[in-house]
Amino acid sequence: DAMRIPCPFCGERDSSEFVCRGEAGPARPDTSVPGTQDALYDYLYLRNNPAGPTREHWYHAYGCRRWMVVDRDTRTHEIFAAHLVQEAKS
């Protein structure tokens with residue numbers, strides 16, 4: 001069975017309509033601040049790959065073209081919640 005993602009705008013859709021960006025937690029370092037090259041490298045290339053519950057950014061590329069935060073279990077692909085990014089920040 002394919003993973004189904006409940007898009008808050010379009011409703012439940014097949015995961016093939018989406019692109020996963022990865023963890024929703026890390027913040028991009030401000031590259032205008034001197035000495036942030038190591039932090040930028042870590043942000044771009046050194047990510048966690050948790051086995052279990054996680055928060056991820058997903059983009060609905062073949063739908064509403066909106067970004068969302070999806071809470072899911074990486075072992076079972078069970079989805080606990082999905083919110084548009086602007087709603088998840090508030």
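The legends below describe close-up views of a predicted model.

**View 1. The largest nonpolar core brings together 10 residues.**

**View 2. C10 and C64 lie 6.8 Å apart in space, C-alpha to C-alpha, although 54 residues separate them in sequence.** C10 is placed in the loop between β1 (4-7) and β2 (11-14), and its relative accessible area of 25% makes this residue partly exposed.

**View 3. The side chains of R55 and D71 meet in a salt bridge, with an N to O distance of 2.6 Å.** This pair links distant parts of the chain, since R55 belongs to strand β4 and D71 to strand β5, 16 residues apart. R55 is partly exposed, with a relative accessible area of 42%, whereas D71 is buried, at 16%. T54, which also lies in strand β4, is buried with a relative accessible area of 12%, and T54 touches V70, D71, R72 and T74, not counting residues up to four places away in sequence.

**View 4. Two further salt bridges join R75 with D73 and R13 with E17.** Side chains of opposite charge can pair when their charged atoms come close. The side chains of R75 and D73 meet at 3.0 Å, N to O; R75 is exposed, with a relative accessible area of 55%, while D73 is buried, with a value of 7%. In the pair formed by R13 and E17, the closest N and O atoms are 3.9 Å apart, and R13 counts as partly exposed at 30% relative accessibility. A search of the whole structure finds five salt bridges, including those described in this legend.

**View 5. Y41, L44, Y45 and L46 form a nonpolar patch on the surface.** Together these residues have about 460 Å² of accessible area. L46, one of the patch residues, is found in the loop between α1 (37-45) and β4 (53-59), and L46 counts as exposed because its relative accessibility is 54%, where the cut-off for exposed is over 50%.

Note on methods
Residues numbered from 1 in each chain as written. Predicted model: local features only at pLDDT ≥ 70, side-chain atom pairs only at ≥ 80, totals over all residues. Heavy atoms only, no water. Patch = residues over 30% accessible without salt bridge, like charges linked within 9 Å, V, L, I, M, F, W, Y side chains within 5 Å. Areas by Shrake-Rupley, 256 points an atom, 1.4 Å probe, with all protein chains shown as cover. Salt bridge = Lys/Arg side-chain N within 4 Å of Asp/Glu carboxyl O. Helix = DSSP H or I, 4+ residues; strand = E, 2+ residues; numbered from the N terminus. Buried < 20%, exposed > 50% of the residue type's maximum accessible area, 1.4 Å probe, protein only. Contact = heavy atoms within 4.5 Å. Core = buried A, V, L, I, M, F, W, Y, C linked by side-chain atoms within 4.5 Å.
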